[in-house]
Amino acid sequence: MYRLLVVCFSLFISGLTFASAAPKNIILLIGDGMGEAEIALARAYEFNGDAGMFVDTMKNQGSVIVKQFMVADPSKIEFAGSSGSGGTTISTGYRTSENRIAVSAVDGSHYKTIMEEAQERGFKTGLVTTANIADATPATFAAHSQNRYCYVQGLSACDQFGDIPTVEQFLDHNVDVMLGGGYNFLPVGEAGGGTIREKAIAHGYKVVTDREALLELEAGTKTFGLFSDGHMPVEWVGPGGRGADFIKVDDYLRANRKVIFPEPAACELNPEHKGMPKLEEMSKFALDSLKNDDEGFFLMIEGASIDKQSHEANACGTIGEMLAFDRTVKIAVDYAKKNGDTAVIVTADHGGPTQVIYRPASFGRGVIREQIPGLYQRLLTKGGHELAVHYGTNNYDDQSHSGVNVPIFTYGLDNPELLTGTIQQTEIYGVMKNFLFN
Ligand SMILES: [Zn+2]
């Protein structure tokens, strides 16, 4: 009799366990414009090229093919991507064209995003970025528009296709936690006749605009936190605030077949970053807030200015943001190890323009200015080595993306092999969907 009771009790317990599978969580970290070159740059500066980045410890790793459709003719492929199209491909499984946010490149019809589907199923959701909150990458998870620059009403970008402004879509979406830059949006009007701040409050958000207020909030508070006017100031700047420079050649040097290279120097802290919440702090708040035993969550965290700083040919800016992003990846993996049932996926939307090159003397043979393209920076690494960085997609500080494959690192997936080896960017969506919903 006793044995029978034990058996019945065990069956009851195992039945319960089976019926209430633990909720699943995904922490998706997107390093904007984070190709292997941007990781290599940070690794060289901080760790002498040794495997000191946290992502270097993540053994489930793949290589992602990035491409997008051409704006003028969506039947044609472009072999370098951008944030709107890359984010859309990750969030929906569909490729699109530059500047489009979770819509078709052909007719603007909406693609449902993984975050929208998670919300419909009761998951909690969060968006964390160092860009303005409505920038392309977070937008591709909780908005749909044909012009990524339609952030709020009154911008000419909204007129082009009549898109609903991204910030209004975010608030109507009731994403549980949104943290980033862009407090200049708060006083702007919205469709209901009030301001963005009033709309957020009406939707039950606590609106915060500084680090102290964020850190004082109770975890779980529905939060709209915007901490700078536009994109958040980056952690590091170049020596003396300078990014990469032209290589100088004058008549004397030309005659003597010599060129002047910028002197190598160390990166510096950006004074403007002081007082900003760090990406780690925003991410920790989001994780603490979304954690729940009933529903699970989907959280997207973006290191946005890895990309923005390499556009500006500012190697130190990229390095500082890359290291902050890498520390945040560790926080996400630690969370997954501690709490279980959590997959961490780390990838990029597209590659950037950064090139780590070797000794600058290789330019010495070409002493005509026109033969020395792009911008150039020499850094003195933490280990005292010279690090040479080149930006050559044009001759001014608005460098282009590049068509390199981007890395993907994962932790905690049931089938990690699906995202190893060489994969298409479209494949990430299906793996996330399977993990969360099956
Ligand atoms: Zn970019």
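Me: Which residues are buried in helix α14 (residues 427–437)?
Reply: I428, V431, M432, F435 and L436 are buried there. Buried means 20 or more other C-beta atoms within 10 Å of the residue's own, exposed 12 or fewer, partly exposed in between, with C-beta atoms placed from the backbone. Helices (H or I, at least four residues) and strands (E, at least two) are DSSP runs, numbered from the N terminus. This is a predicted model: local features need pLDDT of at least 70, side-chain atom pairs count only at pLDDT 80 or more, and totals for chains, interfaces and linings use all residues. Residues are numbered from 1 along each chain as its sequence is written.

Me: Why do residues three or four places apart in an α-helix point the same way?
Reply: An α-helix has 3.6 residues a turn, so such residues point the same way. In α14, I428, V431, M432, F435 and L436 are buried; they cover an arc of only 125° around the axis (directions from the helix axis to the C-beta atoms), which puts them on the same side of α14.

Me: What covers the buried residues of α14?
Reply: The cover includes strands β1 (25–31), β11 (297–303) and β12 (342–347), and helices α3 (83–92) and α4 (114–120).

Me: Is R43 buried or exposed?
Reply: R43 counts as buried because it has 23 C-beta neighbours inside 10 Å. R43 lies in helix α2 (residues 36–47).

Me: Which residues does R43 touch, not counting those up to four places away in sequence?
Reply: R43 touches G49, G52 and M53, contact meaning C-beta atoms, placed from the backbone, within 7 Å.

Note on methods. Contact = placed C-beta atoms within 7 Å.
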